[in-house]
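Have a look at the sequence and the fold, then read on.

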Amino acid sequence: DFTIYNIIVDHRDIVHVLDFGDTKRSTNIEDVVRMYSGLWAISQTSAYRKKIIGPVLDDFFHAYNIHTDVKNTRFFKILMAYNFVTHLLGQHSLKGLVSSRTLRDLDKITKAGIAWIESQLI
């Protein structure tokens, strides 16, 4: 369950990974797609975020020793779509629990994911 939402950076810039509740045996590409889809969608929400996050997206593939051409496979695309739909469900369940600013940011991420699905799968 390696997603952007399960990572925090403390005041000393130390990265912590949380929430191993959904840990299972699977292909490592699932973790790569989870992280990639979250970062990619966040990078689409503003020019500043795109400038900061965009250049490092392919680094996740290299870190897992996976060629970036994997992005063109059906399996990768289906996992991306699944992650965006899961994000939409999560956003819906958070209404009333988080600030309006957070909901606006989540909405931008959701819109980026839906636009990706429409451009890649429909």
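## Rings, helices and a buried serine

Tyr36, Phe61 and Phe76 are joined into a cluster by ring pairs; rings of Phe, Tyr and Trp (its six-membered ring) pair if their centres lie within 6.5 Å. Keep in mind that this is a predicted model, where local features need pLDDT of at least 70, side-chain atom pairs count only at pLDDT 80 or more, and totals for chains, interfaces and linings use all residues. Residues are numbered from 1 along each chain as its sequence is written, and side-chain values use heavy atoms, with hydrogens and water left out.

The overall layout goes like this: there are five helices and two strands, in the order β-β-α-α-α-α-α along the sequence. Helices (H or I, at least four residues) and strands (E, at least two) are DSSP runs, numbered from the N terminus. Of the 122 residues, 33% are buried, meaning under 20% relative accessible area.

Back to the rings. The structure holds five aromatic pairs. One of them is set out here:

| Pair | Centre to centre | Angle between planes | Class |
|---|---|---|---|
| Tryptophan 40 and phenylalanine 84 | 5.9 Å | 50° | tilted |

Planes under 30 degrees apart count as stacked, over 60 as edge-to-face and the rest as tilted. Tryptophan 40 sits in helix 1 and phenylalanine 84 in helix 4 (residues 74-94), so this pair ties together parts that are 44 residues apart in sequence. Both tryptophan 40 and phenylalanine 84 are buried.

Helix 1 (residues 28-43) also packs with helix 5 (residues 100-121), at an angle of about 110° and with the axes 8 Å apart. That makes helix 1 roughly perpendicular to helix 5, a label that covers 65 to 115 degrees. Axes here are lines fitted to C-alpha atoms over the stretch in contact, and angles run from 0 to 180 degrees between N-to-C directions. Who meets whom? From helix 1 come Trp40, Ala41 and Ile42, and from helix 5 come Ile109, Ala112, Gly113 and Trp116; contact means heavy atoms within 4.5 Å. The residues of this contact split into six nonpolar, one polar and no charged, with Gly counted among the polar ones.

Leaving aside residues up to four places away in sequence, serine 43 touches Arg49, Lys50, Ile53, Gly54 and Leu57. The side chain of serine 43 makes a polar contact with the side chain of glutamine 44 (3.1 Å); a polar contact is a pair of N or O atoms within 3.5 Å, where one must be able to donate a hydrogen and the other to accept it, and residues adjacent in sequence count only if both atoms are side-chain atoms.

Terms used:
Parallel < 35°, antiparallel > 145°, perpendicular 65-115°, else oblique. Buried < 20%, exposed > 50% of the residue type's maximum accessible area, 1.4 Å probe, protein only.
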